[in-house]
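Please open the model in a viewer and keep the selection tool at hand.

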Amino acid sequence: MNKKILVTGATGLIGKKLTIELCRQGALIKIISTNADKAKLIFKDHSTIQIFEWSAYHAPSELSGLIEDTDAVINLAGVNVGESRWTKEYKKNIYDSRINTTRLIVDAIGLCKKRPDCLINSSAVGFYGFREDEPLDEESGSGSDFLAELCRDWETEALKAEQFDVRVVAIRAGVVLDKSDGVLKKFLEPFKFFIGTYMGSGKQWLPWIHTDDVISLYIFALNNNNLIGAVNGVAPGKVTNKQFVKTIGTILNKNIILPVPGIALKIGIGEFANNLLTGQRVSSNRALKNGFSFKFPELKMALENLLKEK
């Protein structure tokens, strides 16, 4: 891959693996991070990566110099949605870390004499809001809860780059399954005590994707000039929250499955519990129709791959 790429959010779950894979494929990477020391430690073995500190690039005129000679920008920046209770202040951090950063990137692109070919921007299936059993694809409208409004505004900022003849793709990722980090670890915790727990009724849809597939989808979006706009980053195999936990139990041979009452979740974690107790029945049709091939299209094969060393 003979490309120069600027990556934000490179120290996160997706960012780390995506950056390393891009390097493996021959790309030259610039990382801009709020914690440059952490990034230097993570990528210390990769000589094709340059690392820059966000504090030096708060204005579009400053950032445009980093973007000027790149072929693409991959924007993964944003405070972890589930890391803390949703206070008014934390929700503002979640929102501003995405909207303001994306706006800054697009404004900087506008100042470039030689602009990147594409902006690949992170988003999430939270865009669709609380929709119960309604089948959803990229043409479906957004919801009205906090995460839905966040994703809608986030994508709106990214799409402004189109005025500069930059191709924009927004990857609406589902729950990313990874063996070492993220949501899967939380689902596995109760199984240490020989039980599994699902949330509320367990009937809510849980859109998911294997970490290898979401990395591949970002690279597919980077290289596919015909792919424009929103793309759902979810596997074809649809499951409910309860089916997800039962599949883990089957693989681990631990089949006691119990519910966590919705009221307990709401007391424990607050507003974010509403997003855990609902779900989205999201399709992967646009990715498939554009020629993307999932390595792990079904949940059982994905979990067997991820849990085989546990």
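Helix axes are lines fitted to C-alpha atoms over the stretch in contact, and angles run from 0 to 180 degrees between N-to-C directions. This is a predicted model, in which local features need pLDDT of at least 70, side-chain atom pairs count only at pLDDT 80 or more, and totals for chains, interfaces and linings use all residues. Residues are numbered from 1 along each chain as its sequence is written, and side-chain values use heavy atoms, with hydrogens and water left out.

Select helices H1 (13-24) and H7 (211-223); helices are DSSP runs of H or I with at least four residues, and strands are runs of E with at least two, numbered from the N terminus. The axes of H1 and H7 come within 10 Å and cross at roughly 55 degrees.

Next, show the contact (heavy atoms within 4.5 Å). H1 contributes Ile 14, Lys 17, Leu 18, Glu 21 and Leu 22, while the residues from H7 include Tyr 218 and Leu 222.

Then select Ile 74, which touches residues including Ile 5, Leu 18, Leu 22, Ile 120 and Tyr 218, leaving out those up to four places away in sequence.

Finally, move to Asn 121 in strand E5 (residues 118-124). Is Asn 121 buried or exposed? Asn 121 counts as buried because its relative accessibility is 0%; buried means under 20% relative accessible area, with a 1.4 Å probe and protein chains only. Beyond its neighbours within four places in sequence, Asn 121 is in contact with residues including Asn 75, Thr 102 and Trp 154.

Methods
Buried < 20%, exposed > 50% of the residue type's maximum accessible area, 1.4 Å probe, protein only.
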